[in-house]
Amino acid sequence: MRHVISVLVQDHPRVLNRITGLFARRGFNLESLAVGTTHVPGLSRISLVVSGDDRTLEQVEKQLNRLIEVLKVTDHAEPHVERELALVKVHVAGVEERLAVKDIQEAFRARVVDVAQKSLILELTGDSKKIDSFIEALRPYGILEVMRTGAVAMSRGERTLKVREKREAV
Amino acid sequence: MKGAEALLKALEREGVEVIFGHPGGAIMPVYDALYDSGIRHILVRHEQGGVHAATAYARASGKVGVVMATSGPGALNLVTGLADAYMDSTPVVAITGNVPRSLIGTDAFQEADVTGVTMPITKHNYLVQEANDIPGVVREAFHIASSGRPGPVLIDLPKDVQLAEFTGTFDVELDLPGYKPTTRGHPKQIERALEALEKAERPILMVGGGAQHAHGELLAFAERTGIPVITTLMGLGAFPGNHPLWLGMPGMHGTVAANRAIHHADVILAIGLRFDDRVTGKVSRFAPHAHTIIHVDIDPAEIGKLVRTHIPIVGDARFVLREMLKGAKPLKLASWWRQLEEWRTRYPLRWKPRPHLQSQEVIKAFAEATGGHAIVTTGVGQHQMFAAQFFPVTRPRSFITSGGLGTMGVGLPFAIGAKVARPEELVIDFDGDGSFQMTLQELATLVKYKLDVKVVVLNNGYLGMVRQWQDLFHARRYSEVYLADSNPDFARLAEAYGIKGVRVERKEDLMKGVEAVLSTDGPVVAEFKVYHEEGVFPMIPAGGAAEDMILEHPAEREEVEA
């Protein structure tokens with residue numbers, strides 16, 4: 001089963017190395033990884049997409065928690081918002097194709113972010129399935145390049161991935 | 001003050017008394033500062049020897065072991081020892097030099113990405129960027145190494161950081177928001193565990209290396225409840241090996257009583273162990289009758305990792321046992337004990353006597369001559385298993401061996417570390433001819449520091465354990481395991497180092513040899529030429545289960561039974 005996991009980490013050098021290394025050496029299957037800073041200085045947030053059975057996922061969480069720089073790990077089983085950003089460069093041979101691509105763009109509510117004589121760059125955010133369909137819809141026109149960020153996720157409602165300020169280590 | 005001096009001061013503040021190490025270009029500022037420091041330094045002949053010695057120092061003393069090396073090759077020579085310490089959860093702090101910051105990443109002379117290389121084999125590691133960070137990093141490193149599930153931590157110090165002016169403070173507070181080990185087991189789970197034990201008909205207590213520091217509580221708990229106790233290789237000594245409640249070691253070369261007890265147990269209380277495959281055999285067939293497995297471990301990631309756990313207790317063995325003691329009652333186990341007693345008397349550890357000198361009798365002779373009162377270290381191989389089987393370890397921290405990684409060559413450096421940690425103790429390294437030759441340059445360290453270590457080389461002229469497997473599972477095709485044609489004369493080798501050498505070749509000279517070793521004041525290397533085709537039994541083949549246990553070599557079975 002596919003799981004989206006959020007990890008709050010101290011943004012020290014090599015912390016991403018530790019996480020990807022952990023996945024490699026424990027044989028966990030990492031599908032995507034997206035990282036960015038948070039509103040708290042010194043803390044970054046990572047979204048991971050992992051697939052595996054319950055036992056594997058339990059180990060993924062436990063092993064992540066073992067890392068000294070990991071503050072919090074959440075497996076988004078609860079209702080959550082999931083988004084991914086994609087940039088797609090598509091070939092447009094002529095006016096006809098350009099219009100057809102524009103239809104697809106509107107249907108998916110994507111944005112055109114670059115226009116050239118023979119190509120367009122489209123930007124789309126949405127959950128991963130939506131982006132999959134978008135790419136499939138554009139495929140007949142000739143996709144030149146695709147860049148996807150991997151999923152990011154956040155719980156709905158009051159739930160947050162917060163940590164208490166200073167905690168005493170035992 | 002320079003960064004290098006700040007490092008030594010920070011180490012002193014952590015109570016470090018001794019560092020094992022080997023200097024080199026990128027760590028020279030620290031060695032220069034060491035010249036004026038109160039910290040004792042033990043110069044080893046190879047960094048691997050240093051990290052193993054630091055590991056054994058930690059295991060024997062309960063303190064943090066410290067090793068130091070230069071950049072690149074020096075640091076990389078620590079890799080095996082760090083992995084060994086990591087697998088056996090040993091608190092070690094490794095300090096390595098690195099090239100100056102401006103050269104990092106340029107493939108400079110003696111540069112290696114040591115933090116990258118050691119990431120999977122350390123609990124944590126640091127590349128220090130500023131001299132003022134040194135006290136904080138040292139504090140954290142010692143705290144992380146020694147708390148929770150202990151493990152090795154590496155501090156990599158670029159040379160220019162060692163030389164930079166230190167203007168910071170030593171009074172740093174720990175700030176590790178992501179690190180907060182749970183030491184107190186959950187009271188509700190502890191209560192459930194006690195209930196399960198009370199209802200149990202065939203309970204056992206399995207103890208691993210994580211309970212070495214809880215030996216007092218263990219003894220009290222076992223004696224109060226009357227529960228049979230099994231100790232893993234890493235757990236040897238956590239419970240006295242001469243106690244009537246002790247069934248021995250489980251697993252591949254464990255006792256029949258211990259393995260059958262696990263196989264038939266209905267409730268298993270496992271404390272401070274990680275269900276290594278050498279203990280469980282095939283996991284799906286491990287403890288098939290156990291309806292309740294209680295697992296006490298300080299590392300939550302160990303619980304349920306390999307074996308299904310019904311009552312997980314995350315916490316420190318000592319704390320949890322203390323809590324359990326409050327509610328522990330004597331268990332009614334008379335019929336269970338009748339069964340265990342029968343297995344124990346019917347299948348004691350034994351060996352088939354031969355006209356040749358045999359490893360088992362050598363170890364037994366040392367055990368008897370010392371009354372078991374020694375710190376034993378071992379290399380890895382047949383001799384290690386024989387030592388585990390025939391040297392009864394009665395005190396904690398007294399059997400120091402490489403459990404998880406199975407690192408050949410640890411015996412001598414382990415003995416060095418143990419002797420430095422506990423100089424008043426008799427330290428014996430039972431080694432194999434193969435294992436000993438992996439680190440024997442550390443004999444020089446024995447000489448340099450006049451360390452009274454007794455090295456007992458059980459020389460069978462083979463890589464014995466590999467030979468045994470080839471014998472049993474590869475149709476006796478002895479591929480590349482023969483050493484006797486090229487082994488040195490170990491006694492003369494010792495003498496070349498200025499150490500007393502002893503050689504015993506015949507059965508009738510055994511006691512004379514043992515006496516020669518024990519009566520010598522100072523280090524000894526004693527070579528015992530033992531039977532070349534001995535096997536370690538009982539044995540559960542890799543991937544097998546308790547029922548697959550072989551009691552003796554298949555070819556010799558009839559003779560034994562006759």
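Helices (H or I, at least four residues) and strands (E, at least two) are DSSP runs, numbered from the N terminus. The exercises below use a predicted model.

**Exercise 1. State how many helices and strands chain B has, and decide how its radius of gyration compares with the globule rule.**

Step 1. Chain B holds 23 helices and 18 strands.
Step 2. The radius of gyration of chain B is 24 Å, and the globule rule gives 24 Å for 562 residues.
Step 3. The two values are close, so chain B is as compact as a globular protein of that length.
Step 4. The C-alpha trace of chain B spans about 75 × 60 × 40 Å along its principal axes.
Step 5. Of the 562 residues in chain B, 62% are buried.

**Exercise 2. Describe the order of helices and strands in chain A, and its extent.**

Step 1. Chain A has 4 helices and 9 strands.
Step 2. Along the sequence, they follow the pattern β-α-β-β-α-β-β-α-β-β-α-β-β.
Step 3. Taken along the principal axes, the C-alpha atoms of chain A fill a box of roughly 65 × 30 × 30 Å.
Step 4. Of the 170 residues in chain A, 41% are buried.

**Exercise 3. Find which residues form the patch of positive charge on the surface of chain A, and classify A:Lys130 as buried, partly exposed or exposed.**

Step 1. The positive patch gathers A:Arg83, A:Arg109, A:Lys130 and A:Arg156.
Step 2. Among these, A:Lys130 is placed in helix H4 of chain A, residues 128-138.

**Exercise 4. Name the residues of the nonpolar surface patch in chain A, and classify A:Val113 in the same way.**

Step 1. A:Leu87, A:Val113 and A:Met147 form this patch, and together they have about 250 Å² of accessible area.
Step 2. A:Val113 belongs to strand E6 of chain A, residues 111-115.
Step 3. The relative accessible area of A:Val113 is 40%, so this residue is partly exposed.

Notes: Residues numbered from 1 in each chain as written. Chains lettered and ligands numbered in written order. Predicted model: local features only at pLDDT ≥ 70, side-chain atom pairs only at ≥ 80, totals over all residues. Heavy atoms only, no water. Patch = residues over 30% accessible without salt bridge, like charges linked within 9 Å, V, L, I, M, F, W, Y side chains within 5 Å. Areas by Shrake-Rupley, 256 points an atom, 1.4 Å probe, with all protein chains shown as cover. Salt bridge = Lys/Arg side-chain N within 4 Å of Asp/Glu carboxyl O. Lys, Arg positive; Asp, Glu negative; His and termini not counted. Charge placed at Lys NZ, Arg CZ, Asp CG, Glu CD. Buried < 20%, exposed > 50% of the residue type's maximum accessible area, 1.4 Å probe, protein only. Rg over C-alpha atoms; globule rule 2.2 N^0.38 Å.
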